[in-house]
Amino acid sequence: MSSRGDKFKASLDDGRSVWLEGKPIASVSEHAEFKGTLNTIGKLFNMMDDPQERDKAGYLVPETGKYAHSSFLVPYSQEELDKRSRSFAHWSSATNGMMSRLSDYARSMVTGWYAARDQLSELDPQFAHKISAYYEHARDNDLFLTTAIIDPQIDRSSGLDDKRIAERFLHVVRETSEGIVVRGAKMIATGAPYTHDFVIFSFLQFQSEHRKHAHVLIVPANSPGLHIVCRESFHHPNERNHPLSSRYDEMDAVLFFDDVLIPWERVLLYGDSEKVLALRANKTANGLAFHQNVVRFVAKLEFITGVSFAVAEAIGVTGFLHIQEKLGELLTQIDVIKALVIAAETQAKPDASGVLVPDLQYVETARSLGTKYYPRAVEILQQVGAGGFVQTPSDAEDFYGPISKLMHQYFEGASVSAEKKVELFKLAWDLIGSPLGARHLLYEKFYAGDPIRGLANHYNRFDKGSLTDPIWKLLKENSKGKSPAI
Ligand SMILES: Cc1cc2nc3c(=O)[nH]c(=O)nc-3n(C[C@H](O)[C@H](O)[C@H](O)COP(=O)(O)OP(=O)(O)OC[C@H]3O[C@@H](n4cnc5c(N)ncnc54)[C@H](O)[C@@H]3O)c2cc1C
């Protein structure tokens, strides 16, 4: 019997239209650029059938008697919320925090909508039935999911009143008895070539006349007319020299919808921007999904911190005060994000259906801090290793060639052999200097949306009087003290 990982890989050759370097990909499962990543994901899927691993990553679904990933677990108790958290941490640490969209994020969004279906039924009477059927289907078939929310970056100064924009943003061109036919594009969908279904929703707050642009959809990757257009691959076949790029290239893609039929049962909402916004803002779904983001981020910070420590030790710079200060700063980053995860979990509150939802404020704060922490962590690692990242031979083979003796002599580290030091610096360069590393820096800055508008929204939504009232009060008392007349 084939493993879950093998089944996952085989399921991707389902007629989907995936484009890389101007060519359609005949078999995603066999394509050299995806092999490393798919092997990594396959191993994670196999955990669900491994008695040593399955309780760390998954849970036994009472209705089916089979294990599913804990992102599908609806948490009604602290114990169940902890189980979700541990499963995110387990998958994240298995990939050193380098794979962010292992589907546990989008699965959590679907789980949240399912968990809150009774409240969300007021948006559409069909919602509860549709989301329940889809949630069970996704859970019981190990579906890999990703989100694609953002509209194509054509002209951000213009909106839907501009025909050029309206035509290109995803919209309904026809309604039929079977469903709606949509046209337009979406970006960015991480993991797109090897996802089963896309969770798609409109992002902008549209005017009511733009109802054809308002929707929440679940779209199978092999839908006729859907094209998945990949960015350049950052995969590298050489595991020894590129330990991260060879395993963890989560492909990003743009989706073209060339008149794609979305069956009514996969149209969760359509035609009402207010309702789409209400679903998007649902605290149960966002709390469960964003929680995964920050648990995963802890693993990434631990990884880059570990690499920074190892680099510092390898070249004997740990004794310098300013290096110690910077390595200490990395530890505080981990502590702050971990503390926010703990706060979000311990302050979790039941929603109207009794679902225990992590505190969104703490989770959002951690996501915002992450956009600044990761670039700073990369900067610190650069400061620690300095020119060492480019003082490595092109290939470790040189250690066995005619200049072997000199190689061992001149690449030697303070505390490690020349070979180990070169391996370490190649790993570090893959993390911060390779195309994959550059993509990760961009990812951490933007995956949660525009960080600038995110923080500005935080300010705009905040009850400012709670902080300014005491100031005005103090000044009033102060001025009273100065004025003997009062
Ligand atoms: C590696 C990577 C992976 C991603 N994966 C996913 C994914 O799987 N699913 C998904 O849905 N999304 C994904 N995203 C997309 C991400 O959500 C967006 O990049 C993010 O929301 C920012 O939008 P944008 O890239 O269109 O930037 P834009 O909105 O085009 O912004 C460009 C610049 O203009 C400024 N700007 C634009 N409009 C305004 C405005 N109205 N007011 C003020 N300033 C403005 C911004 O601050 C920014 O500096 C991913 C992004 C990256 C980088």
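Domain bounds here come from an automatic or database domain assignment. For this protein chain that gives domain 1 (4-280) and domain 2 (283-463), with C-alpha centres 25 Å apart.

A quick word on the ground rules. This is a predicted model, where local features need pLDDT of at least 70, side-chain atom pairs count only at pLDDT 80 or more, and totals for chains, interfaces and linings use all residues. Residues are numbered from 1 along each chain as its sequence is written, and side-chain values use heavy atoms, with hydrogens and water left out.

**Where the domains meet**

Let's start with the interface. Contact (heavy atoms within 4.5 Å) involves 44 residues of domain 1 and 39 residues of domain 2. Between them the two domains bury about 3500 Å², 59% of it on carbon and sulfur atoms; buried area is the accessible area (1.4 Å probe) that two parts lose on being put together, summed over both. On the domain 1 side, Met-98, Arg-240 and Asn-241 lose the most area to domain 2, together 16% of what that side buries.

Arg-240 also turns up in a salt bridge, its partner being Asp-395. The rule asks for a side-chain nitrogen of Lys or Arg within 4 Å of a carboxyl oxygen of Asp or Glu, and it finds three such bridges across the interface of domain 1 and domain 2. There are also 15 residue pairs in polar contact between the domains, both residues at pLDDT 80 or more. A polar contact is a pair of N or O atoms within 3.5 Å; within protein, one must be able to donate a hydrogen and the other to accept it, and residues adjacent in sequence count only if both atoms are side-chain atoms.

Which elements give two or more residues to the side of domain 1 that touches domain 2? They are helix H4 (78-94) and helix H5 (104-115), where helices (H or I, at least four residues) and strands (E, at least two) are DSSP runs, numbered from the N terminus. H4 supplies the largest share, nine residues.

**Salt bridges and rings**

By the salt-bridge rule, the count for the structure comes to 27. Here are two of them:

| Salt bridge | Closest N and O atoms |
|---|---|
| Arg-240 and Asp-395 | 3.2 Å |
| Asp-252 and Arg-231 | 2.8 Å |

Asp-252 sits in strand S11 (residues 252-263) and Arg-231 in the loop between strand S10 (226-230) and S11, so this pair ties together parts that are 21 residues apart in sequence.

The structure also holds 13 aromatic pairs. Rings of Phe, Tyr and Trp (its six-membered ring) pair if their centres lie within 6.5 Å; planes under 30 degrees apart count as stacked, over 60 as edge-to-face and the rest as tilted. Trp-113 and Phe-201 are edge-to-face, at 5.9 Å centre to centre and 65° between the planes. The pair links helix H5 to strand S8 (residues 197-201), 88 residues apart.

Most residues other than glycine have a negative phi, and most peptide bonds are trans. Asn-96, in the loop between H4 and H5, has a positive phi of about 55°. A cis peptide bond joins Met-187 and Ile-188, with omega about -20°; Ile-188 belongs to strand S7 (residues 179-190).
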